[in-house]
Amino acid sequence: MRSGISKIVPLEAALSAVEDGMSLTAGGFAHSHQPMAMTRALIRRGVRRLTLMGVAECWVAEFLAAAGAVEKAYFSNFMFEGFGRCRRFVEGVETGRIATEDHSHFGMICRLQAAGLGLPFMPLRAMTATDIVEVAGFEDITQKSRFIASPFGNGRVTAVSPLKPDVAIIHAARADAAGNVQLFGATSVIEEQARAASTVIVSVEEIVEADVIPRQPELTILPALLVDAVVHLPFGAHPTGVFGYYEHDAAYLGEYYAASRRQDSTDAFFRRWIHDQADHWSYLDALLVSRLLALRVDPALGTIMTGQRHV
Amino acid sequence: MTQPTKVRSLAEAVRLISDGDVVAFGGHTARRHPMAAVREIVRQGKRRLHVAGWNNGIDMDLLIGGGCVATVETSYIGIGSLGLARNYRRAAEAGAIRIIEHSETTAMDRFRAASMGLPLLPTKTGLGTDLPRYNPHLKPFTDPFTGETWLAVEAIRPDVAIIHAHTADEKGNVQLDPQRWHDNSPDAMIARSAKTVIVTVEQIVSEDAVMARPIDTILPRSDVTCVAEAPYGAHPCCCDARYDYDMEHLRRYYEATATVEGFADWLAEFVTGLEDHLAYLDKIGARSLMGISMKRTVRP
Amino acid sequence: MSEISRDEFMAVAAAREFRDGDVAFIGTGLPMVAAYLAKATHAPRVKLVFESGIIDAAPRELASGVGDYRLAYGSPKIAGMSYALSLLQGGRIDIGFLGTAEIDRFGNLNSTVIGPYRQPRVRLPGSGGANDIASMAGRFVVICRLDRRHFVEKLSYLTTPGFLSGPRAREAAALPGSGPSRVITDLAVLGFDPETKMMRVEELYPGVTLEQVHERSGFALGVADDIAEALAPTDRQLHLLRHVIDPDGRYVVAANV
């Protein structure tokens, strides 16, 4: 290993970078590759007063909101595809506990890009002339965006200010000890999040030897220079999926969705699956290994193979 | 016309074995032995089996301790770096089992000859040793061309062969991953020598997956009777680039086999007291299984 | 011939909006069914782009969401969300499809809040890619039920731009796309007056009257001069919908309840 220093650390050590009151962005979207094991660990620790800088990492947002850990959220869209609204997040907003600042997907991405590229603003066409830029949330509307004239006289455009998260938590496929990270399939907003955030923590399904990643360098989404810590967490995205490994656990998502109708049933769900579990391993064993193995995807189809495969 | 599926549950597959059968096992030196099938054989209470392989360990030791074995035929049974196979030792010293001695090459050659459709294969291995004295399947003969003495190794035709591989499709085409260790031809020879061939695999996959790399097919479906999905089906043995030996579990096994009572407790805890292979994996637990796993992605 | 459901009329009407060769930005549900139907019939060269970063998908089965791993099968390019969304800004997307919670007479949409923004009665999911698609796709189509819950005089919050305040408003905002071209509902297909940019009825489904349509809307709808009855789904389209694309009736319920 070139640097001679491994970036692999235990989960608790990695998460010491997340402090109460910090701003947090998380990788993944829909039911895919969200850093759920890290989120559960943060909830178990009792993290508080977070500001989310999210795009579409709905499960992270919902869980943190359900745990009362979220104070503010810059975001574009939190919704459970195939199920419905993120009920605890919505309840937080409707009861005034969570303050919001809305964006479009591309608008959030542009703000993160501006931060990652060290630019004072990013121009974009989206969001112009809508309430996204005309109705203030918790942010000073004039500091969020402006409709400006191009200095070259060739038109007008919306400019958005940068958003720089304190911490990015990301779950990916594999990493080496140096901290190079690969992710297969669609990669959500991870590149922009990692560039923008001050600290980048990545959990991965597998740790590979030093010669593996340089064999397919084009799959490397984050070179080691962008990564501060790596945690080995197999099934660390559960109940979301990881492309090339396992699908999301639809039954578990459904159970949570039902429990999320009310805070008390949500609390019971969290007691069972988060607070009563000492660590990630006991969580996985509570699920049962056999259940996790049933989520494995087919090498060619990329999804769980339907048809004959019973054990 | 769609082909009928060759996928069976592990229990159904093992039910194909009858008491007294000659059953050959793939794998060697604690690598890719079909341990899930071995445990199911014990659970189903198979008796008086003639078990055959070419280098064995916990697989045969467990079957012997489980009361399944009348005859053992292989070159070696031991628990690798940990020590002796003590169920095997106790049974041998009590005269409870018949032992057919081999070297690795003579053991392999029994399967090799059968897989080639030959009645025997010649070898020089074993000449001048006690092997032919105690092994009725090794007989000296004279080469008709040179007049030299050779040992004839008789072909073996097991009733059942069980091997563990990486993937298979529903039709029964069996593959190993592109990353694999050592030579794998003995497992194919073992399969081809037998009348009934059971293959347990880490994962049943789509036809697309098999067709993507046909060179990795070690057994075409015509050589296979049935396939059963058994993830971590070689545990606690290793499985090529997928997972390492579970040394902690092997050590527990070895220590348990110090006494008959110790082994009986172990057997109840890890084999007969568990419903099936998945219950076994649930018991082994995520930390151990993920700890030994080296490659879990399906991407090449 | 069996009854044709409202869902089936909607799916077929939506499919008709695709022109062959269009690059289409779509989400899940009815738009995906419509896209598969279009590709299987009159528009085989339509290229599908998903906000998840899956470009030119060629999936075998109906997906359950834009994040569904099924969509990756056969796709020649898979990237991140920025890649897909920046194609919109670069003018590479011809058509987009959107659902909505609320819509007004200018085709502006709300998916953010009902009630005041800082103290909403109902917090909705948020823009997601909707604002991006509506702002920047060549044109976009809205799919939603025709009722007073959806069709409102004034949106609680303007998430997604239709024609904004009316003629020339999009141009003043330098929005590159031409805006909404069609609104496909369960009773009628609506479009927009080219002069006033206000929504008007263009096609009625069989058995539906203008009175019913007006009664269901929370704002006054114009009526196109050449208003017509919506084309019925063909036998082939129905077969594809019922037996090939959505045989489980996940998004297109086959029979009227």
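How many of the 9 residues of helix H2 of chain B are buried? The legends below refer to a predicted model.

**View 1. Helix H2 (residues 35-43) of chain B is mostly covered.** Of its 9 residues, 8 are buried. They are Met35(B), Ala36(B), Ala37(B), Val38(B), Arg39(B), Glu40(B), Ile41(B) and Arg43(B). Just after H2(B), Gly45(B) has a positive phi of about 65 degrees.

**View 2. The buried residues of H2(B) pack against helices and strands of chain B.** The helices are H1 (10-14), H3 (58-65), H10 (260-272) and H11 (277-284). The strands are S10 (160-168) and S12 (196-204).

**View 3. Chain B is assigned domain 1 (10-103 + 157-292) and domain 2 (120-154).** Taken over C-alpha atoms, the centres of domain 1 and domain 2 of chain B are 30 Å apart. In the contact between them, domain 1 of chain B supplies 4 residues and domain 2 of chain B supplies 6. The side of domain 1 that touches domain 2 in chain B has 1 nonpolar, 2 polar and 1 charged residue.

**View 4. Chains A and C make the most contacts among the 2 pairs of chains that touch.** Chain A gives 53 residues to this contact and chain C gives 46. On the side of chain C that touches chain A, helix H3 (81-89) and helix H4 (130-136) of chain C are the elements that give two or more residues. By class, this side of chain C has 22 nonpolar, 19 polar and 5 charged residues.

**View 5. Chain B and chain C are joined by no contact.** The closest C-alpha atoms of chain B and chain C lie 11 Å apart.

Conventions: Residues numbered from 1 in each chain as written. Chains lettered and ligands numbered in written order. Predicted model: local features only at pLDDT ≥ 70, side-chain atom pairs only at ≥ 80, totals over all residues. Contact = placed C-beta atoms within 7 Å. Helix = DSSP H or I, 4+ residues; strand = E, 2+ residues; numbered from the N terminus. Nonpolar A, V, L, I, M, F, W, Y, C, P; charged D, E, K, R; others polar. Buried ≥ 20, exposed ≤ 12 C-beta atoms within 10 Å, placed from the backbone. Domains from an automatic or database assignment.
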